[in-house]
Every structure is written in structure tokens, then in C-alpha cells.
Amino acid sequence: MLKNCIRAFVLVSATAFVALPAGGCRPDDPNGFDSGTAVPISGVPDEAMDAFRKDHPNASLTDVEQQTASTGALLYRFVFIQNGDAGKAMYHADGRRVRPY
């Protein structure tokens, strides 16, 4: 009887250990943003891209994600390298910068 209980416990524990990462372990962002979806540069609105380029003229983009704020607003998170330093910035679709970020 005890052996069956231990087996059941191990099976349930192993299942939970495997299932939790599949559901995503990233905690909710305290700023109210979702985890984002990668988008090609061509998928970024011109206003957001222009604002990013104006603020970071020497940056090399490494990643762009589309995110949704808790208000429902679409945001674009830019990850980049500028002057040898990693950076990130977030903009509304209309080009307004999200601060602080």
C-alpha cells in the first residue's frame, strides 16, 4: 500500500514538474505587459520605428517584440546593441516612448 502511494506521488510530482514549464514560468511583468510576440522589422509601424531610430541612431536591432499593455495598447519592445552596450526600449505604435523602461 505504501509503495503504491509513493509511486503515485512520484508520478504526480514528475507530471507537474514537466507540465509547469510548458505553461510558461515567466512571471507576470510588474509593468503590466504580456510576454510579447517576435515581429519582423517590416511588421513594426513606421511611427514606432522612426521614433526608435531617432532616439537610437547608431543602434543595431537584435530583436523586436509586439506586446500588449494591460490597457490593451499595442507596444513594441526593441532590443539592441549601441556603442557596444546592450539596450532595450519600448514604444507605442504611434511612436510615443514608454517610460520608464
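User: Strand 3 and strand 4 form a hairpin; which residue in the turn has a positive phi?

Analyst: The model is predicted: local features need pLDDT of at least 70 and side-chain atom pairs count only at pLDDT 80 or more, while totals for chains, interfaces and linings use all residues. Residues are numbered from 1 along each chain as its sequence is written, and side-chain values use heavy atoms, with hydrogens and water left out. Strands (E, at least two residues) and helices (H or I, at least four) are DSSP runs numbered from the N terminus. Strand 3 (74–82) and strand 4 have two residues between them in this hairpin, and the one in the turn with a positive phi, about 55°, is Asn 83.

User: Is Asn 83 buried or exposed?

Analyst: Buried means under 20% relative accessible area, exposed over 50%, and partly exposed in between, with a 1.4 Å probe and protein chains only. Asn 83 lies in the loop between strand 3 and strand 4. Its relative accessibility is 64%, so Asn 83 counts as exposed.

User: How many bridges pair strand 3 with strand 4?

Analyst: Two strands pair if DSSP finds at least two bridges between them. One of the partners is Met 90 in strand 4, which stands across from Arg 77. Strand 3 and strand 4 run in the antiparallel sense, and the number of bridges is eight.

User: Which residue in the hairpin of strand 2 and strand 3 takes a positive phi?

Analyst: Strand 2 (residues 60–68) and strand 3 also pair in the antiparallel sense, over eight bridges. Gln 66 is opposite Tyr 76 in strand 3. Five residues sit between the strands of this hairpin, and the positive phi, near 95°, belongs to Gly 72.

User: How many of the nine residues of strand 3 are buried?

Analyst: Phe 78 lies in strand 3. Phe 78 has a relative accessible area of 0%, so this residue is buried. Strand 3 is largely enclosed by the rest of the structure, because the number of its nine residues that are buried is seven.

User: What kind of aromatic pair do Phe 52 and Tyr 91 form?

Analyst: Rings of Phe, Tyr and Trp (its six-membered ring) pair if their centres lie within 6.5 Å; planes under 30 degrees apart are stacked, over 60 edge-to-face, and the rest tilted. Phe 52 in helix 2 and Tyr 91 in strand 4 are 39 residues apart, so the pair links distant parts of the chain. The ring centres are 6.3 Å apart and the planes stand at 90°, so the pair is edge-to-face.

User: Which residues form one aromatic cluster?

Analyst: Phe 52 and Phe 80 make an edge-to-face pair, 5.3 Å centre to centre with 65° between the planes. Both Phe 52 and Phe 80 are buried. The cluster is formed by Phe 52, Phe 78, Phe 80 and Tyr 91.
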